[in-house]
2 protein chains.
Amino acid sequence: MRTSIATVSVSGTLTEKLNAVARAGFDGVEIFENDLLGSSLAPEQIRERASDLGLELFLYQPMRDVEGLSADAFARSMRRAEHKFRVMRRLGVDTVLACSNVSAHARDDDALAAAQLRELAVLADEYGIRVAYEALAWGRHVNTYDRAWRIVEAADHPALGVCLDSFHVLARGSDPEGFAAIPGEKIFFVQLADAPLMGMDVLQWSRHHRLFPGQGDFDLTEFVRSVVRSGYDGPLSLEVFNDVFRQAESGSTAVDARRSLTALQEAAGVLELPAAVAPTGIAFAELVTMDTEPVTVLLQALGFSRTGKHRFKPVDLWEQGTARVLVNTEPATGGSGPRLAALGLDSPDPGAAAKRAESLGAPVLPRRRARTDVLLETVAAPDGTELFFCASGRQDLPDWLDDFAAAGDAVSQAGSITGIDHVALTQPWHQYDEALLFYRSVIGLRPHGGVDVSDPYGLRRSRAVSNQDDSVRIALSIDPAPGASHRASQHIALATDDIVAAARRIGAAGHLLPVPDNYYDDLGARYVLGPGELQTYRALGILYDRDGRGSQFRHFYTRTIGDVFFEVVQRDSGYAGFGEQSAHVRLTAQHAQRQA
Amino acid sequence: MRTSIATVSVSGTLTEKLNAVARAGFDGVEIFENDLLGSSLAPEQIRERASDLGLELFLYQPMRDVEGLSADAFARSMRRAEHKFRVMRRLGVDTVLACSNVSAHARDDDALAAAQLRELAVLADEYGIRVAYEALAWGRHVNTYDRAWRIVEAADHPALGVCLDSFHVLARGSDPEGFAAIPGEKIFFVQLADAPLMGMDVLQWSRHHRLFPGQGDFDLTEFVRSVVRSGYDGPLSLEVFNDVFRQAESGSTAVDARRSLTALQEAAGVLELPAAVAPTGIAFAELVTMDTEPVTVLLQALGFSRTGKHRFKPVDLWEQGTARVLVNTEPATGGSGPRLAALGLDSPDPGAAAKRAESLGAPVLPRRRARTDVLLETVAAPDGTELFFCASGRQDLPDWLDDFAAAGDAVSQAGSITGIDHVALTQPWHQYDEALLFYRSVIGLRPHGGVDVSDPYGLRRSRAVSNQDDSVRIALSIDPAPGASHRASQHIALATDDIVAAARRIGAAGHLLPVPDNYYDDLGARYVLGPGELQTYRALGILYDRDGRGSQFRHFYTRTIGDVFFEVVQRDSGYAGFGEQSAHVRLTAQHAQRQA
């Protein structure tokens, strides 16, 4: 099916919007009237610009309060409608959206509404235009799609049909099953928006909290299936606005939007994509820094050994257990302090994983390794983190490790790191929802439930994604301070089988984040721990959590170097969380460290 | 009454919070448990720090899920409670907040709840501690204050009372009148928070949308009156959190909080302040710039003449009608492009106005004029704009104009400016609510209704404040892009009696913001205008609005210089708005101009 997006859904001038939408690969747009009125281009120039960009203009919107009117008001409404029809002719748009009346003066009279809509359709028809009537969820009298359809049916004019908007339908709790009662050719347009379930005033909900499909709680897959079953074959169009993404750059919003629509079409069975290839492990985490000293000191303290040296580049490989950390000092990578720049993901089929990513508009990066290197398929996550798909355990594919010459041996000791438990990536404010959709649809990870974590600067929304056996876990959180002076830190959580030995070994040299005594006083009141256990945790700075079934999670943090820090965790097999209960303690300690 | 605030209401570490709260002049705080757990200070050190700052520790909070429990769960709860009591002794806090149970396991049994709360109170009493039981609005079974009180009454222990929180009471629609049934000495604590009326899930509402008193829609004045009538004489404590202000600097949040509480006490009749002295006019607007050329060119084009020159400082006075603009090139004022740095407000009693400001914690600025200058009382608005209180029409007080030596005469011509219609100040994201409270409580202006205006970057909340006869109008709006690359512009709207002549005169030299043709096509469809009227507006770039009663508002904008631009308006006397209908056209044109 053809894909479309309303110009109101991205930021900027109309020209910027059209450019961004075209680059993201949409087939066309809905023109939002305010975007036209604010544009210095004449309608004919907009039509030409869209055509040059390969964009169809599917819909002009909105017309408001056109039915259920007094004779006077209806005459004024028709006058303005005729003007819009003329503008639409100049634009070359043949469908207009008419929203159900929200005015307190609207009459509760379906026969009157039908008669007036019919008159509007007769006029539209003279201009070769079709009117798509939509029930707003907060329409004064007409606020459900079935009532809108009954009125359209009664009006009985070929230039009059309905527009189905998933937000308005699902926010009212209506059942899309009922679309079956509407002949496909009478559905003139379909608009899609998701939203979190919020139980709030529906107008405010719509205005501030719409999301792209797959980023909220509505069942849009069933919505699209119902629309398709009815015989509708027009475009699927996104109409989304909220307080966050319109402040983002138009290009990245359009890419996010296009991805959500592609993933939705796949889910609804109207589009086939290369299958998702979920990663099977974290091959490596790559730190970039101009100064290797702080990171070398910390990796050594954590027990890592430098086991390899890249044959052609200033990249070192550090290993311990199955955990691998690359330290890259290539000048081109910019910035000074260490930051987490890339993740290697073990993939059963890197080529297929990259094809999947490409089909969902993920930027497949120029392979930046040298010509002599092992080829690595690479995509960029929304926050710019590079994801390498690495062949693992495949004899037929080259191994990225072959690029490294041996430089030393890993050693095993008490409290050794066994591997990477998870990676935590703080997302910029306006890219959190986009990141969740990316990791789910492009990378094939499944989202866990969301939690709010308190932070010295407010609440921090947080949600993890993982593969089936949890061997790849990525914890995403939103930076609570959009205008913060500090850059958000990322962290790498390392697994151990003996947290106490690990803390003893690593903590000795003062590498760890201090944990306040008050935390331990409280911990002793919350849980009955074994003899000496609390004292040990207190002495070593280990944090403790236990879930409802008694599974434990014990962990500690290193201090932050540059924009990155490490966590060491010992996780009971049943424990599914990330120690969120004590996140506020960690965040406050880090805040205090920044101030110091 | 003593004033208090919960530490959760400001950002930072516990020490930062205590400092900010003390500086803002609160008598004490509620200690939020997470703030204690995250602090590296021992409870005794916190007690000492608070005492050094002159802060009392009024309350420790919260205890959760303490009643309606199984025997097992209750035993665990008592164990943890005893620990808290010990910590409270170390802190020197004698009241603890216990919230009603929210767990799905909670039993719906008031007798059980009363018995368990009584046992808790007996234990608390041994530590010299009182338990204040609060009905959370989303409590599983106990979610109204009257039910909480019935349980407390049944438990009948001197160490057990209720806590009344305005959010929980008013969000449930309960009537504070009923407080009369509770003996004052059984009200152990009172928490205050305002909120916008939203009709959403009450937990999310509480977590993300609380506001300081006077910034939302709740009737807190009546709430406080009811509390006082019951005989309560404990502290009034703010417990507020939302998505915005905790990201602000702790100091300014605490000042805003303290001001809201002072204004609320005044409204409730428990505190007398110097009376508000509303301004009677805008005496001047002051622009600061290092380069006078662009502003000189624009002021001349607008028809202003340089009529005065400050006797001791590099400040010029420009006049037209009653509109006065100061242009200040003092190097100390910083920045380069012109920006709107100050407003002069005609005041019937500048000294009293300054006293009022001081009593509400508004920073009264060091009088920056030289010793030889006429004294001007000056306060800083939350966004840093300086407000001068100027004596006007008072023979007994010195006139600020005496500081200026005559430099020329104002001229009158067709389409002259008659005065300043309004000033529009874009507020930083986290200071919008604070600014509204400031102009209302400190300056004595009354707020109009709020509107949302669409912008290329999202919705822009906007609200005006004015004096009684609308001779002082300030339009406040919120910058929709917290991380925006561009600085928000402020503007000065000048009044004229002949908008067409004004536009002809000023527009000739290309000083005006261009308005798209599409706007005029639509305008002609919306209104039936007089013959030639639409053509005139189109040719001159005049925007047009008409309210429901037919009153007109016609206006145009200059291009932006630095961070400021001018608007010229002709307002029918009955028209109360600011042409919001076409704000999106102006904002889009300005966005396009920035991109160019």
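Predicted model: local features only at pLDDT ≥ 70, side-chain atom pairs only at ≥ 80, totals over all residues.
Reader: OK, which helix of chain A packs with α4 of chain B?

Author: Helix α15 of chain A, residues 517–526, packs with α4 of chain B, residues 71–91. The angle is about 155 degrees, with the axes 8 Å apart. Over 145 degrees counts as roughly antiparallel, and therefore α15(A) and α4(B) are described that way.

Reader: Which residues make that contact?

Author: α15(A) brings A:D521, A:D522, A:G524, A:A525 and A:R526, while α4(B) brings B:R79, B:R80, B:H83 and B:R90. B:R90 of α4(B) also turns up in the contact with α3(B).

Reader: How do they divide into nonpolar, polar and charged?

Author: The contact of α15(A) with α4(B) has 1 nonpolar, 2 polar and 6 charged residues.

Reader: Switching topic: what rotation superposes chain A on chain B?

Author: A rotation of 180 degrees does it, with 0.0 Å of shift along its axis and an RMSD of 0.0 Å. The two copies are thus related as by a two-fold rotation axis.

Reader: Which residue of chain A comes closest to the rotation axis?

Author: A:M200 does, with its C-alpha at 1.7 Å. Both copies use the same surface too: 100% of the contact residues of chain A recur in chain B.

Reader: Now the sheets. In what order do the strands of the 8-stranded open sheet in chain A come?

Author: In chain A the order is β14-β15-β13-β9-β12-β11-β10-β16, with mixed pairing. β14 (377–380) and β16 (404–406) of chain A stand at the edges, and each has a single partner strand, so one side of each is left without a neighbour in the sheet. From one strand to the next, the twist averages 30 degrees.

Reader: Do β9 and β12 of chain A run parallel or antiparallel?

Author: Parallel: strand β9 (residues 281–288) and strand β12 (residues 323–328) of chain A are joined by 4 bridges. A:A285 stands opposite A:V325 in β12(A).

Reader: And in chain B, how many bridges join β10 to β11?

Author: There are 4, between β10 (residues 305–310) and β11 (residues 315–320) of chain B, and these strands run antiparallel. The bridge partner of B:S305 is B:E319 in β11(B). In chain B, too, 8 strands form an open sheet with mixed pairing, and its edge strands are β14 (377–380) and β16 (404–406).

Reader: Last one, back to helices: at what angle do α14 and α16 of chain A pack?

Author: About 35 degrees, with the axes of α14 (residues 499–507) and α16 (residues 533–540) 10 Å apart. α14(A) passes α16(A) in a left-handed crossing. A:V500, A:A503 and A:R504 of α14(A) make the contact with A:T536, A:Y537 and A:L540 of α16(A). Those residues divide into 4 nonpolar, 1 polar and 1 charged.

Definitions and conventions:
Residues numbered from 1 in each chain as written. Chains lettered and ligands numbered in written order. Heavy atoms only, no water. Axes fitted to C-alpha atoms, helices over the stretch in contact; angles between N-to-C directions. Helix = DSSP H or I, 4+ residues; strand = E, 2+ residues; numbered from the N terminus. Parallel < 35°, antiparallel > 145°, perpendicular 65-115°, else oblique. Contact = heavy atoms within 4.5 Å. Nonpolar A, V, L, I, M, F, W, Y, C, P; charged D, E, K, R; others polar. Least-squares fit on C-alpha atoms with pLDDT ≥ 70 in both. Pairing = 2+ DSSP bridges. Left-handed = near helix turned anticlockwise from the far one by under 90°.
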